[in-house]
Amino acid sequence: MHYYFYLFLIPIIYANDCEEICNITLSVMENTSTERLQWNLMDLIYNRTLSFENFQFSLSNPSDYFEIEFKILKFRLTELDRETICKKSFLNDECSLQLQIFTQTSFLIIFKMIILDENDWKPFFNQDYIHLNIRENLPTYHRIQLPSAYDDDSIQYDIDHYEIFNNTDEIENIFQLERSHDELKLKLLKKLNCELKNNYQLYIIAIDKGGLKSNIL
């Protein structure tokens with residue numbers, strides 16, 4: 001007979017930690033349905049204040065993202081898209097929305113919603129084709145700049161590496177992709193000889209940290 005034991009962690013909440021300012025931080029996954037993006041403010045501050053009055057809530061400033069109906073805080077937009085809201089300009093790759101909520105003269109609620117990333121964007125090259133003229137007999141390990149791919153997702157899911165899609169033994173012995181500081185370069189592993197072969201065609205793809213592949217360059 002097998003016995004299973006479950007350990008439940010019960011958070012300790014001090015009853016007066018909302019005496020003047022009440023900090024509430026929630027994390028939600030992007031693309032969460034907007035029906036789930038609403039919270040009863042009385043539930044959020046339950047057991048965090050010594051006051052048991054019937055609070056009235058109001059936003060300190062109009063918000064493009066939130067509204068309050070009675071005691072319910074609601075997300076206003078039809079979808080929660082992290083990339084649209086933050087546009088890769090967020091500090092430390094954190095995407096969050098913050099607002100202040102008044103409770104008459106009692107205390108101020110600082111509400112912060114952190115939007116967690118979902119790998120919903122593929123890497124992409126802005127162009128599908130480039131033509132390079134490379135002089136023969138360049139020294140080995142000479143590097144040629146290539147256009148980089150882009151990924152609108154966060155650092156967690158941005159570009160991991162590049163691959164030559166049509167790699168063969170011949171191509172592998174001559175060319176190597178090199179990525180450094182978000183720049184992509186083509187490295188020559190041996191000298192080119194125009195008389196032996198005067199052109200090569202490479203198909204390059206980018207792969208992000210979630211395994212999604214880009215269009216072909």
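Reader: What relative accessible area makes glutamate 178 partly exposed?

Author: The model is predicted: local features need pLDDT of at least 70, side-chain atom pairs count only at pLDDT 80 or more, and totals for chains, interfaces and linings use all residues. Residues are numbered from 1 along each chain as its sequence is written, and side-chain values use heavy atoms, with hydrogens and water left out. Buried means under 20% relative accessible area and exposed over 50%, with partly exposed in between (1.4 Å probe, protein chains only). Glutamate 178 falls in the partly exposed class because its relative accessible area is 23%.

Reader: In which strand is glutamate 178 found?

Author: Strands are DSSP runs of E with at least two residues, and helices are runs of H or I with at least four, both numbered from the N terminus. Across the chain these come to three helices and 12 strands. Glutamate 178 belongs to strand β10.

Reader: Which residues does glutamate 178 touch, not counting residues up to four places away in sequence?

Author: A contact requires heavy atoms within 4.5 Å. Glutamine 145 is 33 residues from glutamate 178 in sequence, with a C-alpha to C-alpha separation of 9.7 Å. With residues up to four places away in sequence set aside, glutamate 178 touches Arg143, Glu183, Leu184, Lys185 and Lys187.

Reader: How far apart are the closest N and O atoms in the salt bridge of glutamate 178 with arginine 143?

Author: Side chains of opposite charge can pair when their charged atoms come close. The criterion for a salt bridge is a side-chain nitrogen of Lys or Arg within 4 Å of a carboxyl oxygen of Asp or Glu. Arginine 143 counts as partly exposed because its relative accessibility is 37%. In the salt bridge that it forms with glutamate 178, the closest N and O atoms are separated by 2.5 Å.

Reader: Which residues are linked with Arg143 in a network of salt bridges?

Author: The whole structure holds eight salt bridges. Within the network, Arg143 is linked with Glu178 and Lys187.

Reader: What is the strand order of the open sheet of three strands?

Author: Two strands pair if DSSP finds at least two bridges between them. Strands β10 and β11 run antiparallel and are joined by six bridges, with leucine 184 in β11 as the bridge partner of arginine 179. The pairing in this three-strand sheet is antiparallel, and the order is β8-β11-β10.

Reader: Which residue in β7 is the bridge partner of isoleucine 24?

Author: Strand β7 spans residues 108-116 and pairs with β1 in the parallel sense over nine bridges. Within this pairing, isoleucine 24 has as its bridge partner phenylalanine 111.

Reader: With which residue does lysine 112 form a salt bridge?

Author: Lysine 112 is partly exposed, since its relative accessibility is 21%. The closest N and O atoms of its salt bridge are 3.0 Å apart, and the partner is glutamate 94.

Reader: Is aspartate 158 buried or exposed?

Author: Aspartate 158 forms a salt bridge with lysine 209, whose closest N and O atoms are 3.0 Å apart. Aspartate 158 lies in the loop between β8 and β9 (159-164) and lysine 209 in the segment after β12, so the pair ties together parts that are 51 residues apart in sequence. Lysine 209 is partly exposed, with a relative accessible area of 41%. At 16% relative accessibility, aspartate 158 counts as buried.

Reader: Which residues make a nonpolar surface patch of about 280 Å²?

Author: Patches consist of residues with over 30% relative accessible area and no salt bridge, where like charges are joined within 9 Å and nonpolar side chains (Val, Leu, Ile, Met, Phe, Trp, Tyr) within 5 Å. Areas come from the Shrake-Rupley method with a 1.4 Å probe, and for residues only the protein chains shown count as cover. Tyrosine 203, in the loop between β11 (183-188) and β12 (204-208), is partly exposed at 33% relative accessibility. The patch is made by Phe165, Tyr203 and Ile216.
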